[in-house]
Amino acid sequence: MSTETMTRAEAAPAVLPVGRYGYDQVDRTFLRERIEQFRDQVNRRIAGDLTEEEFKPLRLMNGLYLQLHAYMLRVAVPYGTLGSKQVRALARIAREFDKGYGHFTTRQNIQFNWIKLEDTVAALEVLAEADMHAIQTSGNCIRNITSDEFAGAAKDELLDPRVHAEILRQWSTLHPEFTFLPRKFKFAISGSPHDRVVARFHDIGLIARPGPHGRPVFEVFVGGGLGRTPLVGVSLRDDLPEEDLLAYMEAILRVYNAHGRRDNIYKARIKILVQALGTDEFRRQVEEEFAAMDRARYRIEPALVEAIKARFGAPDFAPEGNAAAVLAEDRRRDVRFDAWVRTNTHEHKAPGYISLVVSLKPAGGIPGDATAEQLDLLADLADEFSFGELRVTHLQNVVLGHVRQDQLHTVWQRLSQAGLGTANVNFITDIVACPGLDYCALANARSIPIAQKLSSRFADLELQREIGDLRINISGCINACGHHHAAHLGILGVDKRGQEAFQITLGGSGEEDASIGQILGPAMAEDETVDAVARLIDLYLVRRENGERFLDTYRRVGTAAFKDVVYAPA
Amino acid sequence: MPLLENGHPVEDTWRYAVEGEALGAGDVIVPFDRLSEGLGRAEGRLGVILPNSESVSVLKEALPKLAVIVVTFPIFRDGRAFSQARALREHLHFTGEVRASGHILPDQYEFLIRCGVNTVEVSGNTDMAAWERALHHFTIATQPSPVLDEKPTGFGLRRFLATP
Ligand code: HEM
Ligand code: SF4
């Protein structure tokens, strides 16, 4: 194969994709081989050479679930970054193989809920043409590595984490030792001190910062997670040098692979092992393995990091000019635009630029859903205004990372015309919800309709601004795919004697002040729950002090008062 | 039970110890709890079955006298033996035969090899062609194997896999 001798210059395409690793022929060959392997697996299943029990983990490792009504295909979006061509491929899959929708998830992926088994290989081929895949989006292996939606753009960022996310992606893809772990394994990585990746609720959360000698170092959190045993991860070490990143990750995973529980699926996550051993003993075992390794074999040399980085396109920022002044003037002239800028943008490190969040949460909408037409529009906007790149957020929105401030008004108008201009990011209607009983075979209750009802109830933007930052997350069962534990106000669907009912949790946070929401009391019917939320908000508005967020007030006032208004309405 | 090496059936010259019977002469693979009995034997080569719940360090003393170590998959989803095989090579520098047995799928074959397994026991009614194909599905891996000297492709973590 000629790639063996190919120099990097030859391998580099004319234009590298901005913000993510650009595939070359070697990467594409690997994807094709993976598709052929999957085709073979499907054929062996059909021929009866594989039992359904044997086929299941294999198809899961290709992102294919069997859900309530159909197969569901989960497509990987490594570190949440997408190119416009990829978004158009997703739109095509939505149109040709689904019912015209895609659903962005809390792990920065996108799912299609109505895929036929016999169409799966064709869908994978459409993805592969756009350098995408569904590898390891499910199964007991290392899942998609999530990252900061403002990576490479945020003003508060110390280091763009996506290069290391890509290194971790490559390393974990079909890793020979870690593809049949006790349970799924989730990584998140951030390069900002402000935790926007829920690092402390991951199996491994990494926070990167520049270290001595100009190379990154990592703080390593282990054993966080949600689900039926929600736990905040523990910091295993604060100073992991870049060159040892893979060695240390292998050491952690080896301890987990050897000692993680396999007798009980509910106790199989690494968080249970860390708890059972205690942080000190767990750390000791990891260090012991780490010390025994032939570390030279695992070392990530700066040259390797630089080579991977060299396959990331970097935006070519224009000089600031009068962009900021134009934006200021646009805001002065248009109150609705001004309100949107206040909620839906994020400060950019490059002068004259800004990051914007496209809310996929219109009043009464389904959180995270995008139509094929909206996907195409987002791809167009990314091409015209953001270097062809966009990002998926773990809050089920989409980000255009680098928009010129003087073009923001135009972008907003185009978004608004397509129903994507809602000014509600981080507000009460910016609800996160899992697929729930509408799609999910494990659900106890429907998450989507209650999200829609809450979203309609609080649709008034004036009121939302008055309420301020408030995170509502909804899960249809204790697995917590909707991150309800990490919400200021979480809603958990339960089964109450055969009826769908909902429990409210208060006081969770997924950021650097990570905390797990407390259950307020017994579950209620859907409409009662919506009313109860309204009373909680009223109480907050009465009790809050100077500029407090809902979460602050709750933490200060305590549970009792909130419990009273929910269960003993005046 | 057919034994595969490099995707092809090879003759298995080893026999497993039978419970309740003396080990006798010749090449024999013993269960872990009969290891000392095996080590005490005067003639014949020795192999041992390593339960997947044990650390490979339990074989440290016996290692120089072992020609085969069998790592086990009670069910294909239980991946502990991948780490064991790798640790036998990487930490104990074992150079003999590492054999995989139990419930294994062709789809795991490449992983086994890249963790340092060199022979695999497969069930008699298995489709041999699937194992052969499994070795050729991939020409590229995206991480270094800790135990094989795979050739880097020029940049990144990617490796060309040796095609046997
Ligand atoms: C629709 C089919 C889905 C199924 C069958 C499913 C299944 C599960 C299960 C069984 C768990 C509990 C795992 C454990 O604690 O060991 C879980 C947790 C979780 N799932 Fe899902 N899920 C689905 C959809 C989603 C979606 C759409 C997302 C978003 C990408 C998601 C993200 C998560 C997250 C974030 C957790 C919490 C993980 C943790 O404990 O840290 N899931 N899921
Ligand atoms: S939380 Fe439960 S209902 Fe919701 S997607 Fe996860 S498994 Fe399904």
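A residue counts as near a molecule or strand if one of its heavy atoms lies within 4 Å of it. This is a predicted model, in which local features need pLDDT of at least 70 and side-chain atom pairs count only at pLDDT 80 or more, while totals for chains, interfaces and linings use all residues. Residues are numbered from 1 along each chain as its sequence is written, chains are lettered from A and ligands numbered from 1 in the order in which they are written, and side-chain values use heavy atoms, with hydrogens and water left out.

Let's start with ligand 1. It has 23 residues around it, and Thr105(A), Thr106(A), Lys184(A), Leu226(A) and Cys481(A) come nearest. By class, that shell splits into 8 nonpolar, 8 polar and 7 charged residues. Here Ala, Val, Leu, Ile, Met, Phe, Trp, Tyr, Cys and Pro count as nonpolar, Asp, Glu, Lys and Arg as charged, and the others, Gly among them, as polar.

| Residue | Protein atom | Ligand 1 atom | Distance |
|---|---|---|---|
| Lys184(A) | polar side-chain atom | nitrogen | 3.2 Å |
| Leu226(A) | backbone N or O | oxygen | 2.9 Å |
| Arg269(A) | side-chain N or O | oxygen | 3.2 Å |

Then there's the iron atom of ligand 1, which has a single protein donor: SG of Cys481(A), 2.0 Å away. Donors are N, O and S atoms within 2.8 Å of the metal (3.2 Å for Na, K and Ca), and water is not among the atoms, so sites may look incomplete. Cys481(A) sits in the loop between β17 (472–475) and β18 (489–496) of chain A. Helices (H or I, at least four residues) and strands (E, at least two) are DSSP runs, numbered from the N terminus.

Cys481(A) turns up again around ligand 2, where the surrounding residues also include Cys434(A), Cys440(A) and Cys477(A). This shell has 8 nonpolar and 4 polar residues, with no charged ones.

On to the sheets. Strands pair if DSSP finds at least two bridges between them. Chain A has an open, mixed sheet of 5 strands, ordered β6-β7-β8-β9-β10. β6 (146–147) and β10 (234–241) of chain A have a single partner strand each, so one side of each is left without a neighbour in the sheet. Within it, β8 (204–210) and β9 (216–222) of chain A run antiparallel, joined by 7 bridges, and Arg209(A) stands opposite Val217(A) in β9(A). Helix α7 (residues 245–259) of chain A packs on this sheet, touching β7, β8, β9 and β10 of chain A, at about 150 degrees to β10(A). Contact means heavy atoms within 4.5 Å; axes are lines fitted to C-alpha atoms, for helices over the stretch in contact, and angles run from 0 to 180 degrees between N-to-C directions.

Chain B has an open sheet too, with 8 strands in the order β2-β1-β8-β7-β6-β5-β4-β3 and mixed pairing. Its edge strands are β2 (8–10) and β3 (15–16) of chain B, each pairing on one side only. β3(B) pairs with β4 (residues 28–31) of chain B in the parallel sense over 2 bridges: Arg15(B) stands opposite Val28(B), and Tyr16(B) opposite Ile29(B). β4(B) is also parallel to β5(B), over 4 bridges, with Leu46(B) in β5(B) as the bridge partner of Val28(B). Helix α2 (residues 80–90) of chain B lies across β5, β6 and β7 of chain B, at about 160 degrees to β6(B).

How values were computed. Polar contact = N/O pair within 3.5 Å; in protein donor to acceptor, adjacent residues only side chain to side chain.
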